[in-house]
Amino acid sequence: MVLIFTFPETTISEVPSAPNLKSNNPLTKEKETFFKRYPRFAYFLIGAACLFLFHTIVNTYLVQIIHSLGGNDSDFGLSLMITALSELPAMLGFSYLLTKRKSGIWLKVAAISFVIRSILFLLSGSIFMLNITQLFQGLAFALYIPASTYYVNQLMQKPDYVKGQAFNIGAVTLGSVVGSFIGGWLLDHAGVPEMLSAGIVAAFIGCLLLFYSVKTDI
């Protein structure tokens, strides 16, 4: 909050009023027109929701996964630390990555990494293997967040910037909510392997949808 109060005052310039924007600009129509302008964006959003369904399952119920492998709370803390540290290189160095490849390419790398991570979670038979799996967080979640933000901005025309980012965040949130519910239900009625298997299916579907919807020249 201290930082927020230090933000400088800004003025809005060269922006039409809401009525003029609505009547004169063909880019500001109903949601149906928005998705017609970006025909594959809806598939991108569904794919993002699926990826984060898996992501939420393994992060929310990580302690149950570790306990199923015979680990304890110390192992849980170590695993979280490895996960957090693995995110730093991709997030801090994403501007450099953009000089090598377009954001669309990095989104596809992230989608593949989500799938690899989901499979390794199911196959992990020890805490050591689980911690190795957590390193893929740096190529999955940590790469997806900046890449998707940059990609959506590049994909959208200027009047649609905010709407595009709002849909992007909404898709991630939706996947997180559904992942929490499905993960908890499967833990109660089946078990950890079944929960992780559902995560694999979600990650695989999300990867396919991103490969279909994402342009590699952005």
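Start by selecting His 55, which you'll find in helix 4 (helices, H or I with at least four residues, and strands, E with at least two, are DSSP runs numbered from the N terminus). At 9% relative accessibility, His 55 counts as buried (buried means under 20% relative accessible area, exposed over 50%, partly exposed in between, with a 1.4 Å probe and protein chains only). Leaving out residues up to four places away in sequence, His 55 touches Phe 114, Arg 117, Gln 137 and Phe 141 (a contact means heavy atoms within 4.5 Å).

Before you go on, a note on what's on screen: this is a predicted model, where local features need pLDDT of at least 70, side-chain atom pairs count only at pLDDT 80 or more, and totals for chains, interfaces and linings use all residues. Residues are numbered from 1 along each chain as its sequence is written, and side-chain values use heavy atoms, with hydrogens and water left out.

**Zoom out**

Show the protein chain as a cartoon. You get 12 helices and 0 strands, so to speak in DSSP runs numbered from the N terminus. The C-alpha atoms fill a box of roughly 65 × 40 × 35 Å along the principal axes. Of the 218 residues in the protein chain, 42% are buried. Take the contacts with a separation of 6 or more: 81% of them are between residues 24 or more positions apart.

**Aromatic stops**

How many aromatic pairs does the structure hold? There are 15 (rings of Phe, Tyr and Trp, the last by its six-membered ring, pair if their centres lie within 6.5 Å; planes under 30 degrees apart count as stacked, over 60 as edge-to-face and the rest as tilted). Select Phe 52 and Phe 141 for one of them: the pair is edge-to-face, 6.0 Å centre to centre with 70 degrees between the planes. Phe 52 sits in helix 4 (residues 41-60) and Phe 141 in helix 10 (residues 141-155), so this pair ties together parts that are 89 residues apart in sequence. Phe 52 and Phe 141 are both buried.

Now pick Phe 114 and Tyr 144. Their ring centres are 6.4 Å apart and their planes stand at 75 degrees, so this pair is edge-to-face. Phe 114 belongs to helix 8 (residues 103-123) and Tyr 144 to helix 10, so the pair links parts that are 30 residues apart in sequence. Phe 114 and Tyr 144 are buried.

For a group of rings, select Phe 34, Phe 35, Tyr 38, Phe 41, Phe 44, Tyr 151 and Phe 167, which form one aromatic cluster.

Thr 83 lies in helix 6 (residues 73-92). Is Thr 83 buried or exposed? Thr 83 is buried, with a relative accessible area of 5%. Its side chain reaches the backbone oxygen of Ser 79 at 2.8 Å (a polar contact is a pair of N or O atoms within 3.5 Å; within protein, one must be able to donate a hydrogen and the other to accept it, and residues adjacent in sequence count only if both atoms are side-chain atoms). Beyond four places in sequence, Thr 83 touches Arg 117, Gln 134 and Gln 137.

Hop to Thr 33 in helix 3 (residues 31-37). Thr 33 is partly exposed, at 23% relative accessible area. Draw a distance from its C-alpha to that of Phe 141, 108 residues away along the chain, and you get 30 Å.

Next is Ser 124, in the loop between helix 8 and helix 9 (127-134). With 7% relative accessibility, Ser 124 counts as buried. The side chain of Ser 124 reaches the backbone oxygen of Leu 120 at 2.6 Å. Not counting residues up to four places away, Ser 124 touches Leu 69, Met 129, Leu 130 and Thr 133.

**Last stop: helix 11**

Select residues 161-189. Helix 11 has 29 residues and reaches 42 Å from its first C-alpha to its last, close to the 42 Å expected at 1.5 Å a residue (the expected span is 1.5 Å times one less than the number of residues). Its buried residues include Gly 164, Gly 175, Gly 179, Gly 183 and Gly 184.
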